[in-house]
Every structure is written in structure tokens, then in C-alpha cells.
Amino acid sequence: MIFVTVGTQLAFDRMVSAVDTWAGSSGNDVFAQVGPTDTKFNHIQQSEFLEPKDFDHYFNSANIVIAHAGMGSILTAMSYGKRIIIMPRKADLGEHRNDHQLATARSFVGHAGVSVAWDEDELIALLHRIDSETTEQDFVKISNTAPEPFIQKLRELING
Amino acid sequence: MKQKKLLAVASAGGHWIQLNRMIPAFEGHRLHWISTVPGLKTKVQNGTFTAVRDASMWDKPGLLVMALQVAWRVLLIRPDVIVTTGAAPGFFAILFGRLLGAKTIWIDSVANAEELSLAGRKAKRWATHWLTQWPELARKEGPHYIGSIL
């Protein structure tokens, strides 16, 4: 199963449509959390919003996750050791209020387990490539807590 | 070490996940949490939890409701320390908290790799400790860098 998520706040039809197109031609099983949108996609199951426990369930069951370039999605993928493809929202297309997702995506280029699709064509191309590879390839899970030196310094600020 | 009342605030999603990665730094204190999705209550293992209305910096009526909800919680809890990763509820928490004498710690989201968030820039005035998670964004006059959650 492929899990798609656009985060908690805004729809991202440009990304979900690309996945829908790909699912139509490849026949893959896709579940998408699509945010507030009226669009009905043709080849995937969709839900506007997921409760945290359902979100965890789909995330955990997915072979690969496709997401907007939001830190919540990226960190969750890393904590499950899931391979993730991120596509940044663009402010000039009305997809977010600013372009911080482009900055986030740039900062994850070359990161193990994270692939960046800069637009819908690249996303479809990436998906076709992954389709022909093994998708069960999981990555090392990151720990659930921040690195100890950071924790130590934050603790000093709190206690000091 | 004296036990303190610590209020941890973050919007749902990435901000919340980042804040939760800091839990070991909160050990030994009495915890209170504020976020924007009621279902996150089930994720809190230690401390009280309250959900406030979600609103962005561009939704003025929503922001007003959220600000009042956050102000009320801050008044009830009277925290010694507030730690937040943003966005809007964290901004209001440190604003009201600082006015009431709390120590306030703003940790800008790791998502903001090239410039601080809008809420993050506005937080400067109200934060005792004003932090970025990217060394490239750190300045002598702040924001400061002490590491990142990754």
C-alpha cells in the first residue's frame, strides 16, 4: 500500500492528482489523506483528515509514503524508517502562505530515505521508477528523541 | 533542581512532533500541553492537555479566539517556563506568559531552513530564549542556535 498525506491544514490537489494518474496506469493500491478539498479522485481511496491513531496505522502499513514537504510527514517517516517522497507546496500557486516548503525540500536533498520531487512530472517519473524497484526497502529508524547534546542545552535553559 | 510548571505549546503536525522530541529535557517538571487537535490528547503520557482552535496568522477572527483560549490556559496554569516550536498558539503563549513573568523559550521549526517563520520573527520580542534550529540563521543578537531535533 502507498500512503499519501498532505498534512493537517491545506489541500494539495496538484500532488494528489499526479499520484491518482500514476495509480490509474500502474494499478497500485493507494490511500490518500487529502485535506479540505471537493475533488474526487478516481483511482485511489481518499479521506479528508485522519485521527492520529488512524494516521499512525496507515503510515505504519505503507510500503512508501508520498507527502507534501512538511516536517511532520518527514519526521514521522524517519521515525518509522519509511521511504518518503516529498513534493514542496508553492506559494504562487496558492498552495501555502509562503515558500518554506521549498527550503525544507532543499535541505533534505540527498538525505537517505528521502526523495524530492520538485513538481508533478518528477513525482510521476519517480513513482514509475520505484514501481520497478523493490518498495519494501526500509531505512534506519531515527530515535524518538532529539540528540542528547541538544536536549542537554535545552534542559540547561529550562532549569537555569 | 526545583520542580517547575512547564507549559509546552505547538500546533498539530510538524510543530507538535518536534516538541515531543524534546520531552527528555522536560523531565522532573510538572507538564501542561496545548495543541490544536483534540485527538492528540491520547498521545500525551505525562501532564494535562488542552486543544485550542487552529488558526494561521492570516485568519484574524480565528486568531482572536485562539489567543483568548491560550491566554485563559496561561492564566490558569501560571507556568514558570513555556517552551514552544510555534506556530500561532506558541506565539500567544509566550506573549501572555512573558507578561506574567514566565521564562519563555521559542524554538523555530526546523522546516524554516532559510529564514525564520513569520511567527518566529514576531516571537523575538516575547522570548527569553529565541532559538533557530539552523546554524546558518543564527545571529549574535539572536536567534541563537543550540542544535536541532534531528
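Residues are numbered from 1 along each chain as its sequence is written, and chains are lettered from A and ligands numbered from 1 in the order in which they are written. Since the model is predicted, local features need pLDDT of at least 70 and side-chain atom pairs count only at pLDDT 80 or more, whereas totals for chains, interfaces and linings use all residues. The model scores ipTM 0.97 and pTM 0.93.

Chain B contains four helices and seven strands; helices (H or I, at least four residues) and strands (E, at least two) are DSSP runs, numbered from the N terminus. Along the sequence, these elements of chain B follow the pattern β-α-β-β-α-β-α-β-α-β-β. The C-alpha atoms of chain B fill a box of roughly 40 × 35 × 30 Å along the principal axes. The radius of gyration is taken over C-alpha atoms, and the globule rule is 2.2 Å times the number of residues to the power 0.38. A compact globule of 150 residues would have a radius of gyration near 15 Å, and the 14 Å of chain B agrees with this. Buried residues make up 51% of the 150 residues in chain B; a residue is buried if 20 or more other C-beta atoms, placed from the backbone, lie within 10 Å of its own, exposed if 12 or fewer, and partly exposed in between. Two residues are in contact if their C-beta atoms, placed from the backbone, lie within 7 Å. Of the contacts in chain B between residues at least 6 apart in sequence, 52% join residues at least 24 apart.

Helix 3 of chain B (residues 88–99) is largely enclosed by the rest of the structure, because ten of its twelve residues are buried. Among them are B:Phe91, B:Phe92, B:Ile94, B:Leu95 and B:Phe96. The buried residues of helix 3 pack against strand 1 (5–10), strand 2 (30–35), helix 2 (60–77), strand 4, strand 5 (103–107) and helix 4 (118–123) of chain B. The expected span of a helix is 1.5 Å times one less than its number of residues. After helix 3 of chain B comes B:Gly101, with a positive phi near 95°.

Several loops of chain B carry backbone features of their own. In the loop between strand 4 and helix 3 lies B:Ala87, which a cis peptide bond with omega of about -10° joins to B:Gly86. A cis peptide bond also joins B:Gly142 and B:Pro143, with omega about 0°; B:Pro143 is in the loop between strand 6 (129–132) and strand 7 (144–145) of chain B. B:Arg78, in the loop between helix 2 and strand 4, has a positive phi of about 50° although it is not a glycine. With 12 C-beta neighbours inside 10 Å, B:Arg78 counts as exposed. B:Leu116, in the loop between strand 5 and helix 4 of chain B, counts as buried, with 21 such neighbours inside 10 Å. Leaving aside residues up to four places away in sequence, B:Leu116 touches B:Asp108, B:Arg121, B:Thr132, B:Leu137 and B:Pro143.

In chain A, the buried residues of helix 1 include A:Met15, A:Val19 and A:Trp22. The 14 residues of helix 1 of chain A (residues 13–26) should span 20 Å, and its end C-alpha atoms are 19 Å apart, which agrees. Just after this helix, A:Gly27 takes a positive phi of about 75°. In helix 4 of chain A (residues 100–107), A:His100, A:Gln101, A:Thr104, A:Ala105 and A:Ser107 are buried. These residues cover an arc of only 165° around the axis, which puts them on the same side of helix 4 of chain A; the arc is that of the directions from the helix axis to the C-beta atoms. The buried residues of helix 4 pack against strand 4 (64–68), helix 3 (71–80), strand 5 (83–87) and strand 6 (114–116) of chain A.
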